[in-house]
Amino acid sequence: MTDIRELLLSRIRDVADYPEPGVMFKDITPLLADPAAFTALTDALAEIAERTGATKVVGLEARGFILGAPVAVRAGLGFIPVRKAGKLPGATLGQAYDLEYGSAEIEVHAEDLSADDRVLVVDDVLATGGTAEASVQLIRRAGAEVAGLAVLMELGFLSGRARLEPALNGAPLEALLTV
């Protein structure tokens with residue numbers, strides 16, 4: 001696992017003062033552009049999906065789509081996009097949540113999840129945990145079980161894990177990298 005961590009870290013670029021002054025943005029586009037690194041990431045996340053007994057993968061908009069879809073294919077599972085409100089056609093189930101300044105809402109197609117599903121949530125970064133917590137609530141409201149949450153990178157200094165662990169109710173939270 002040390003080798004994969006080194007590979008992944010070597011392909012994540014720090015961008016100072018983006019999107020605003022004082023923020024050090026972690027840019028994963030170099031990792032996505034490197035087939036060996038992207039494959040290693042996909043394999044590691046697919047292994048988590050298999051280990052948790054997931055039957056579906058939920059990807060959170062937008063980079064969670066990029067990571068979650070190939071994980072689902074690799075693990076032989078279905079992929080479900082969780083989108084910002086108003087982006088999905090048809091009957092949806094929504095979950096509102098608070099942001100630092102304001103609120104937001106995410107949605108899933110109501111028929112895409114059932115009581116038979118164990119869902120692994122996949123995203124690129126765990127920051128404050130608000131979107132991930134809302135997705136866990138949304139999955140449970142749809143009647144499915146949360147198998148866990150897997151992210152490429154956890155920004156430990158933002159304490160998202162502390163916020164999210166009670167909502168996960170014992171389901172694992174796995175971060176391949178913690179910065």
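Q: Which residues does the UniProt annotation "domain: Phosphoribosyltransferase" cover?
A: In the unreviewed UniProt entry, that annotation covers residues 31-154; positions follow the numbering used here, feature names are shortened, and annotations may be inferred rather than shown by experiment. The model is predicted, so local features need pLDDT of at least 70 and side-chain atom pairs count only at pLDDT 80 or more, while totals for chains, interfaces and linings use all residues. Residues are numbered from 1 along each chain as its sequence is written, and side-chain values use heavy atoms, with hydrogens and water left out.

Q: How far apart are the end C-alpha atoms of residues 31-154?
A: They lie 16 Å apart, and the span is 36% helix and 38% strand. Helices (H or I, at least four residues) and strands (E, at least two) are DSSP runs, numbered from the N terminus.

Q: At what angle do helix 3 and helix 4 cross?
A: The axes of helix 3 (residues 35-51) and helix 4 (residues 63-75) cross at roughly 65 degrees and come within 8 Å. Axes are lines fitted to C-alpha atoms, for helices over the stretch in contact, with angles from 0 to 180 degrees between N-to-C directions.

Q: Which residues make the contact?
A: Among them are Phe 38, Leu 41 and Leu 45 of helix 3 and Ile 66, Leu 67 and Val 71 of helix 4; contact means heavy atoms within 4.5 Å.

Q: Turning to Thr 52, where is it found?
A: Thr 52 is found in the loop between helix 3 and strand 3 (56-60).

Q: Is Thr 52 buried or exposed?
A: Thr 52 is buried, because its relative accessible area is 10%; buried means under 20%, exposed over 50%, and partly exposed in between (1.4 Å probe, protein chains only). Leaving aside neighbours within four places in sequence, Thr 52 is in contact with Arg 118, Leu 120, Ala 147 and Pro 172.

Q: And Phe 157, buried or exposed?
A: Phe 157 is exposed, with a relative accessible area of 61%, and is found in the loop between strand 8 (145-154) and helix 6 (160-168).

Q: What about the backbone: which peptide bond at Pro 19 is cis?
A: The bond from Tyr 18 to Pro 19 is cis, with omega near 5 degrees. The bond from Glu 61 to Ala 62 is also cis, with omega near 0 degrees.

Q: What is the phi of Asp 17?
A: Asp 17 has a positive phi of about 60 degrees although it is not a glycine. Asp 17 is placed in the loop between strand 1 and strand 2.
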